[in-house]
Amino acid sequence: MAYVRKNVGGLTANERKRFVDALLEVKRRGEYDEFVRTHIAYFAADGETHLRAAHMAPSFLPWHRRFLLDLESALRRVDPSVTLPYWDWTRDRTTTSTPWTKDLLGGNGRRSDQQVVNGPFAYATGGWTIKVGVTDGRYLTRDLGRAASPLQLPTKDDVNWALNDPVYDVRPWDSTVTQGFRNKLEGWGTGSGSASWHNHNRVHRWVGGAMLGAASVNDPVFWLHHAYLDMQWERWQRAHSSHRYLPADPPGADDPQHGRVVARHDKLPPWNDTPDQLEDMSGIYRYE
Amino acid sequence: MVDGDGATAAGATEQVRASTTAGPGRRRVTRGLLSCVAALALAPVVAASRPVPPAAGGDSFDETYRGRHIQGVRLPAAGRSTSDDAWRITVDGRPLHLMRRADGTWLSMVDHYTSYRTPLEAARAAVDELGPGQRLCDLAPGLLDHTLPDGAKDMMGRMGTTVDMDGMDMGGVGAGGTGMRVGGRHGVRS
């Protein structure tokens, strides 16, 4: 029986508490910091010769789907009633709306040092000390809306721009492609400035602080953000049922992307699953 | 990854791996990861086939920006298997690791979801995000070990499912309840 992932705004007070408590327990057990490390380790950029599994690549979506399943499993070992909620940033768009409340993720960082000082993930609670970070700061940081240079969260139109593209991804399967659902959702644009960050990337930038860096997993909103993106992949699949994950086959030996992207039946490191095996989650969870 | 254009990429890979994580040193190297020590941070080796736009307009920079001492120097190509850029960047003496996008722009560990035209712009943008009194940690070395030849992917997959990273047993149960575990192949740890 598949479990349900809910909109975080629709969680009951009890569900919120259980979700937060499970996160804190996973952190206390030392498991959470391993997720931070894994995300850092698998962020490879496309100007390099590395295999790109997590970003700037077709497997951006299945990689994060698999990553979320592992965190969700860790949460459910603590409390089997918990599932990952999603944050619909096209609807909950202000710095004080869900999930930035004291009973969920806490609020914005304070102006002086971006430190989150209220809610369950504030440093002073002792339960959310940053151990794997880009800086030596030990507290969670946020800069919601980017005070010094404000930007807006993506809109429904921005998400639909991605959803309406019937092709999953296109050559050369990297951050430079301007067509294909994957990069329209991942959000690597051309040029510089505000217009160049779309959907996924723009939300990381809007939250700011820890979410802007390599150790973005330190902010638990990472999971709610990616659950919403994961839901968009499912919506895209329903809207374009004759289309699938691409590339279907690994780029050939004479292709510059040879060995640098994960094709449909390739194993997705660090796991044994393939994108093909991760396309249908209906036996495990569904979105409400 | 040993024929056609792939030979260049594979060669570059081996260079990087040999210098960072080869052999029994792998764990030792990664064990030091994430500790806040000053160390050499190399901008990554990049694909030789890509056109190279102008970098910072020179081979080095050294300036104080918003009270932080930013230094960068383009590393000589000798000893590397590609002709592309590699930069050593520090902020107040601590390494700032940069990654390169296929369009030639740069992103840093601090600002990971935006890219900048030059290493200097990326370094300044990183300083913009550093809170008062915060210093960079060195996250770089493990990130240089991203590419594995095809044959090693299987091993990687097995590591992801079975290797107990120095006792860090995640005990994960993932998709389909197959008992998969989280565990980066770098064994990244603090």
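Two residues count as in contact here if their C-beta atoms, placed from the backbone, lie within 7 Å. Keep that in mind as we walk through this predicted model, in which local features need pLDDT of at least 70, side-chain atom pairs count only at pLDDT 80 or more, and totals for chains, interfaces and linings use all residues. Residues are numbered from 1 along each chain as its sequence is written, with chains lettered from A and ligands numbered from 1 in the order in which they are written.

Let's start with helix H6 of chain A, residues 199-207. Helices are DSSP runs of H or I with at least four residues, strands are runs of E with at least two, and both are numbered from the N terminus. H6(A) is mostly covered, with nine of its nine residues buried. Buried means that 20 or more other C-beta atoms lie within 10 Å of a residue's own; exposed means 12 or fewer, partly exposed is in between, and the C-beta atoms are placed from the backbone. Among the buried residues of H6(A) are His200(A), His204(A) and Trp206(A). The cover over them includes H4, helix H5 (181-186) and helix H7 (221-239) of chain A. Just past the end of H6(A), Gly208(A) takes a positive phi of about 65°.

Now zoom out to the whole of chain A. It has eight helices and two strands, and along the sequence they follow the pattern β-α-α-α-α-α-α-α-α-β. A compact globule of 288 residues would have a radius of gyration near 19 Å, and the 18 Å of chain A agrees with that; the radius is taken over C-alpha atoms, and the globule rule is 2.2 Å times the number of residues to the power 0.38. The C-alpha trace of chain A spans about 55 × 45 × 35 Å along its principal axes. Buried residues make up 56% of chain A. Of its contacts between residues at least 6 apart in sequence, 63% join residues at least 24 apart.

An unreviewed UniProt entry carries the annotation "domain: Tyrosinase copper-binding" for residues 55-72 and 219-230 of chain A. Its positions are given in the numbering used here, feature names are shortened, and annotations may be inferred rather than shown by experiment. Residues 55-72 of chain A are 72% helix and 0% strand, while residues 219-230 of chain A are 83% helix and 0% strand.

Thr129(A) counts as partly exposed because it has 13 C-beta neighbours inside 10 Å. Leaving out residues up to four places away in sequence, Thr129(A) touches Tyr123(A) and Arg138(A).

Chain B has an open sheet of four strands in the order S1-S2-S3-S4, with antiparallel pairing. Two strands pair if DSSP finds at least two bridges between them. At the edges, strand S1 (60-65) and strand S4 (94-95) of chain B each pair on one side only. Helix H3 (residues 119-129) of chain B packs on the sheet, touching S1, strand S2 (68-74) and S3 of chain B.

Finally, a word on confidence. pLDDT is the predictor's confidence in each residue, from 0 to 100. Chain B has a mean pLDDT of 58, and 38% of its residues reach 70 or more. Over residues 1-56 of chain B, pLDDT stays under 50, and over residues 140-190 of chain B it is below 50. Where pLDDT is low, the predicted coordinates should not be read in detail.

How values were computed
Axes are lines fitted to C-alpha atoms, for helices over the stretch in contact, and angles run from 0 to 180 degrees between N-to-C directions.
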